[in-house]
Amino acid sequence: MMKVHHSPVLLNESLEFLITDKSGVYFDGTLGFGGHSQGILHNLKNDGRLISTDVDRDAFNFSKEKFKTDDRIKIYNFNFMQIDIISKIESISNYNGIFADLGVSSFQLDNPDSGFTYRMEAKLDLRMDKSKVVTASDIVNSFSEEELADIIYKFGEEKNSRHIARKIIDRRKTKKIESTTDLSELISSITPFKYRIFQALRIYVNDELEALKTFLTKSVDLLNNGGRIVILTYHSLEDRIVKESFKYEALDCICPKDFPVCKCDKESRLRILTRKPITPSEEELQNNIRARSAKLRAAERI
Ligand SMILES: C[S@@+](CC[C@H](N)C(=O)[O-])C[C@H]1O[C@@H](n2cnc3c(N)ncnc32)[C@H](O)[C@@H]1O
């Protein structure tokens, strides 16, 4: 079994919010290398169940091996937005808790073969699911200047998006941009925040924000009364989606403010448990620098 160094972020806090019944049924949408899934299993009795999934084939294979002797867990290689399909296959109609720890794992970041790192020479790929057709390289070598600028602005929140897009177009006239270092060198004179451009391409290639929105809505449909949803995010775009989605689900009326009486059928489906997001302690940050942007939001089905 390959060695993987990964410390699960906000582990105790996640488990405290998530687990309300030690014999319950739980879903981990971002299995990765099994850090949080292992924590959930530690807290479940023999009759508890956990369904975990990851789009990344390496993560799936690794965790399948890791948990092969524990029959409380079933492991899938699906996108978490297919939670409804997985649940049908497993004949599960409701969960006591649904969890996701978004983004990429330390293994994906540290392993040049997975193409997520921009600190090492690697193919400019950025697909979590390698069966998807379009890579980041395809995008930077074929999209128009305007399309590239939009992606970099929208998903990387980078103000110099037009300038960067122009530079990409100029470069590819003479040489295709194929590696992480090709792109990294090209943009380093324009922005010190290179990660924003890689983040933008990664979000676009994996359609991460749409997957998250779909997952959140389907998850609320699938929670028991009193069931919990716990999500860890690592950047403001993800956090905003979770925050807005919880807020919308908590509302019991969406009529315009000037309506004298409520005319809508909106029902409140969630009670928000974290008015402000939970962030890692100083101690956790000292041990795991990758936890620095983490935010935990939790809510309960009503
Ligand atoms: C931060 S890591 C999770 C680490 C895990 N909690 C652990 O402790 O080992 C995020 C994982 O989610 C996976 N992932 C991201 N988006 C996904 C999606 N839409 N569906 C399924 N897996 C996804 C990534 O491939 C990655 O392995």
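Which residues is isoleucine 231 in contact with, leaving aside its neighbours within four places in sequence?

## Core

They are Ala100, Leu102, Phe215, Leu216, Val242, Phe246, Lys295, Leu296 and Arg297. Contact means heavy atoms within 4.5 Å. This is a predicted model: local features need pLDDT of at least 70, side-chain atom pairs count only at pLDDT 80 or more, and totals for chains, interfaces and linings use all residues. Residues are numbered from 1 along each chain as its sequence is written, and side-chain values use heavy atoms, without hydrogens and water.

The largest nonpolar core has 58 residues. Phe27, Tyr95, Ile168, Leu183 and Ile231 touch the most other members. Helix H11 (residues 208-222) gives the largest share of this core, 7 residues. Another core, of 24 residues, lies apart and includes Val9, Ile19, Leu31 and Phe67. A nonpolar core joins buried Ala, Val, Leu, Ile, Met, Phe, Trp, Tyr and Cys residues through side-chain atoms within 4.5 Å. Buried means under 20% relative accessible area, exposed over 50%, partly exposed in between (1.4 Å probe, protein chains only).

## Helix H12

Tyrosine 248 sits in helix H12 (residues 236-250). Helices are DSSP runs of H or I, at least four residues, numbered from the N terminus. Tyrosine 248 is partly exposed, at a relative accessible area of 42%.

## Cysteines

A disulfide is a pair of cysteine sulfur atoms within 2.5 Å. The count by this rule is 0 disulfides. Cysteine 262 is in none; its nearest cysteine sulfur, that of cysteine 253, is 3.6 Å away. Cysteine 264 is in none either, with the sulfur of cysteine 262 nearest, at 3.7 Å.

Note on methods: Helix = DSSP H or I, 4+ residues; strand = E, 2+ residues; numbered from the N terminus.
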